[in-house]
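Visitor: I have a protein open here and would like to go through it piece by piece. Can we start?
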Amino acid sequence: MADRDSVSVFAPATVANVASGFDVLGFALERPGDTVVLRKIPQKRVEILAVEGDNGQLPRDPDRNTASVAARRFLEAIGFPFGLEVTVRKQMPMSSGLGSSAASSVAAVYAANVLSGSPLTVRQLLPFTMQAEEVACGSAHADNVAPALLGGFVLIRSYEPLDVVQLPVPGGLAVATVHPHTEIKTEDARRILKKELRLSDAVRQWGNLAALVAALFQGDMDLLSRSLQDVVAEPRRGLLIPGFAKVKQTALHSGALGCSISGSGPSVFSLCVSMQKAKAVGRAMQSAFAEVGLDSDVYLSGINQSGPVILEE
Ligand code: HSE
């Protein structure tokens with residue numbers, strides 16, 4: 001496809017951390033997500049043509065927008081054979097904990113690779129999206145960008161050197177994600193975390209994370225349910241989300257396997273054994289947010305196993 005001049009790519013929203021996997025585990029949703037349209041230009045630079053659907057909130061400066069940053073870093077790595085004009089179509093909420101900046105950078109870098117004739121594998125695109133994440137929130141974590149790029153559940157075993165592991169997705173697993181209408185900036189949500197852990201908390205966290213991975217391999221929903229616990233980030237970040245404790249309790253009473261904060265919040269996700277269960281759980285979580293005066297949107301989804309897709313326009 002190196003001979004085409006433009007391409008439009010959709011990349012999905014993601015749930016990072018997945019309770020016990022702070023900064024090392026995430027999964028991709030089927031919806032929502034972002035679309036990025038790239039067009040080749042002869043000048044060797046990356047320009048933002050338009051950003052749609054963001055109420056003017058995202059940077060138009062190509063050095064600060066995650067889509068253009070990721071595309072430019074990729075072009076630099078392959079020798080800048082051409083330039084790009086970038087249009088970002090925001091189709092998901094920002095500062096929501098659903099990996100909005102990651103969806104844009106993943107769509108952009110995937111599209112840039114396609115326009116270049118795919119010189120790099122999809123996995124090799126990951127570092128460029130992490131660099132964009134650093135520009136967006138000051139931290140090059142990969143637990144949104146890796147699942148957005150690769151689909152499914154992805155574990156980051158190591159950051160240096162980068163080593164990511166794709167995990168199996170048990171059949172039928174569905175997710176209800178509820179986005180209350182309030183914003184939390186990832187930068188702020190990271191600043192409030194304790195910099196040191198008690199050994200007893202670390203033991204609980206790695207026990208749960210290891211069991212969660214085992215549950216995905218075994219398709220063991222009971223073990224998955226017992227493993228969806230976070231004693232590291234949730235106790236602090238939950239305080240930033242009005243009604244969080246009640247929302248979580250309601251989700252669990254309604255039959256969710258587990259419930260926690262999506263990424264740095266304020267969205268809250270519940271994993272469920274079926275889409276039917278996810279519908280009921282999503283409704284119940286939304287009502288619990290309404291009780292504290294917060295409007296919200298519910299996203300019901302299976303686990304996205306394909307990552308970015310090219311849209312025919
Ligand atoms: N792991 C990151 C965090 C995800 O929790 O800060 C941010 O979306």
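Visitor: Which helix is Glu133 found in?
Guide: Glu133 sits in helix H3, residues 126-137. Keep in mind that this is a predicted model.
Visitor: Is Glu133 buried or exposed?
Guide: Glu133 is buried, and it has no salt bridge. The nearest side chain of opposite charge belongs to Arg190, 8.3 Å away. A salt bridge needs the nitrogen and oxygen within 4 Å.
Visitor: What does Glu133 touch, then?
Guide: Leaving out residues up to four places away in sequence, Glu133 touches Ser101, Ala102, Gly138, Ser139, His141, Asn144 and Val145.
Visitor: And Arg190, which side chain does that meet in a salt bridge?
Guide: The side chain of Asp23, at 2.7 Å from N to O.
Visitor: New topic. What domains is the protein divided into?
Guide: Domain 1 covers 6-167 + 305-311, and domain 2 covers 174-302. Their centres, taken over C-alpha atoms, are 24 Å apart.
Visitor: How many residues are in contact between domain 1 and domain 2?
Guide: 30 residues of domain 1 are in contact with 38 residues of domain 2. The two domains bury about 2,600 Å² between them, with 63% of it on carbon and sulfur atoms. Ala19, Ser20 and Ser95 supply 23% of the area that domain 1 buries against domain 2, more than any other three residues.
Visitor: How many salt bridges and polar contacts cross between domain 1 and domain 2?
Guide: The rule finds one salt bridge across that interface. Twelve residue pairs are in polar contact between the domains. On the side of domain 1 that touches domain 2, strand S1 (6-16) and strand S2 (25-41) are the elements that give two or more residues. S2 gives the most, with seven residues.
Visitor: How many salt bridges does the count come to?
Guide: The count comes to 14 salt bridges. One of them joins the side chains of Glu52 and Arg89, at 3.0 Å from N to O. Glu52 lies in strand S3 (residues 46-52) and Arg89 in strand S4 (residues 83-89), so this pair ties together parts that are 37 residues apart in sequence.
Visitor: What about Asp63, which side chain does it meet?
Guide: Asp63 meets Arg72 in a salt bridge, 2.6 Å from N to O. Asp63 is partly exposed at 47% relative accessibility, whereas Arg72 is buried at 18%.
Visitor: And Glu183, what does that form a salt bridge with?
Guide: Lys185, with the closest N and O atoms 4.0 Å apart. Elsewhere, salt bridges that share partners join Asp63, Arg72 and Glu76 into one network.

Note on methods
Residues are numbered from 1 along each chain as its sequence is written. This is a predicted model: local features need pLDDT of at least 70, side-chain atom pairs count only at pLDDT 80 or more; totals for chains, interfaces and linings use all residues. Side-chain values use heavy atoms; hydrogens and water are left out. Helices (H or I, at least four residues) and strands (E, at least two) are DSSP runs, numbered from the N terminus. Buried means under 20% relative accessible area, exposed over 50%, partly exposed in between (1.4 Å probe, protein chains only). Lys and Arg count as positive and Asp and Glu as negative; His and the chain ends are not counted. Contact means heavy atoms within 4.5 Å. Domain bounds come from an automatic or database domain assignment. Buried area is the accessible area (1.4 Å probe) that two parts lose on being put together, summed over both. A polar contact is a pair of N or O atoms within 3.5 Å; within protein, one must be able to donate a hydrogen and the other to accept it, and residues adjacent in sequence count only if both atoms are side-chain atoms.
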